Amino acid sequence: MSETRLLLQSSPHVRDVSSVQGIMHTVILSLVPALIAGVVFFGWRALAVTVVAVASCLAVEAAILRLAGKPVKTALVDGSAIITGLLLAMNLPSNLPFWMVGVGAVVAIGVAKHAYGGLGNNPFNPALVARVFMLIAFPGAMTSWPVTTCNGATDVLTAATPLGIMKMEGAAAAMQAASWWDLFIGNVGGCLGETSALALLLGGLFLLWRRVISYEIPVAFIGTVAAGTAVAWLVDPTKYPDPLWQVLSGGVMLGAWFMATDMVTSPVTRKGMLLFGVGCGVVTCVIRLLGGYPEGVSFSILVMNGLTPLIDRYVKPARFGAEAAQAEGGKA
């Protein structure tokens, strides 16, 4: 008589072949077009700031792990510190002093990441925490934007960003300073990794293709910014440019594709992701259109990071079998 054996295992029974290291390396590849665009339009200084940011993040990560008595090599090769360094650099002007970049790395890795327990435990995006800290600590340096090499950029030649011009001089001056095409390819002033919508779109589509991110957050974020700025444009076109100009300018594309989609600090359900993206878009529009600061992407993502636990709590799906059990209980 044959013997039947049952194999008992803990859930989940369906396993994904993806790994933390594989996902991180895919994100690193997706940021290459934006980095290339930054070097093309801002020169070697953009590459130097990026190298300093990545090296500083790796150094801070290694120092903290060593002090904590944790394995250093494994954490460094997983790519998380490299991504934090890359995203930090993308959010900085290319003429920022190197020592300030190092301060940003300490805040991103030491405060925003390891103070909460390390990778997977941080409630806020580390690179954005560092950027906001630096905006407060070094406002002059963080808002001194070099013009692009196509317009004769040097280490001392600076100009306002398109959004800054919009805030100070209105829509006509802003659209004259930066056309749709300039914003699309990246021939405008701003942070070294946020100016080229084309490069960021290529990287974002690559992440979608590799299924590292899903469409909900980017589409909801960009769509909400487009809708909100369209209303403002219709109300007062002399003050606010059209919605396409608004979507292509500032940090919307960088934030929507690479910052808001951080799987650690964003919701886990599709409905939650849509709410998260809409919230990011609404806060961005409020700050950009009604506030004193010309851009609100960084602040909007951090605000929604803080609301992520609430979103996950109130939109979580019912447990398998819960609805049937409740129905039977009601009949009884």
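This is a predicted model: local features need pLDDT of at least 70, side-chain atom pairs count only at pLDDT 80 or more; totals for chains, interfaces and linings use all residues.
## Helices H6 and H7

The crossing of H6 past H7 is right-handed.

H6 brings Met100, Val101, Val103, Gly104, Val107 and Ala108 to the contact. H7 brings Pro126, Ala127, Val129, Ala130, Phe133 and Met134. By class, the contact of H6 with H7 holds 11 nonpolar residues and one polar residue. It has no charged residues. An α-helix has 3.6 residues a turn, so residues three or four places apart point the same way.

## Helix H5

How many of the 11 residues of helix H5 (residues 80-90) are buried? The count is 10, so H5 is largely enclosed by the rest of the structure.

## Two loop residues

Pro294 sits in the loop between helix H16 (270-290) and helix H17 (297-315). Met166 is 128 residues from Pro294 along the chain, yet their C-alpha atoms are separated by 8.0 Å.

Arg211 belongs to another loop, between helix H12 (197-209) and helix H13 (216-235). Its relative accessibility is 76%, so Arg211 counts as exposed. What stands out in its backbone is a positive phi of about 60°. Arg211 has this value although it is not a glycine.

## The chain as a whole

The protein chain has 18 helices and zero strands. Of its 332 residues, 50% are buried. The chain exposes about 16400 Å². Carbon and sulfur atoms supply 67% of that area.

How much of the contact pattern links residues 24 or more positions apart? Among contacts with a separation of 6 or more, such pairs account for 75%.

Technical notes:
Residues are numbered from 1 along each chain as its sequence is written. Side-chain values use heavy atoms; hydrogens and water are left out. Helices (H or I, at least four residues) and strands (E, at least two) are DSSP runs, numbered from the N terminus. Buried means under 20% relative accessible area, exposed over 50%, partly exposed in between (1.4 Å probe, protein chains only). Contact means heavy atoms within 4.5 Å. Accessible areas come from the Shrake-Rupley method with a 1.4 Å probe; for residues, only the protein chains shown count as cover. A crossing is left-handed if the near helix is turned anticlockwise from the far one by less than a right angle, and right-handed if clockwise. Ala, Val, Leu, Ile, Met, Phe, Trp, Tyr, Cys and Pro count as nonpolar, Asp, Glu, Lys and Arg as charged, and the others, Gly among them, as polar.
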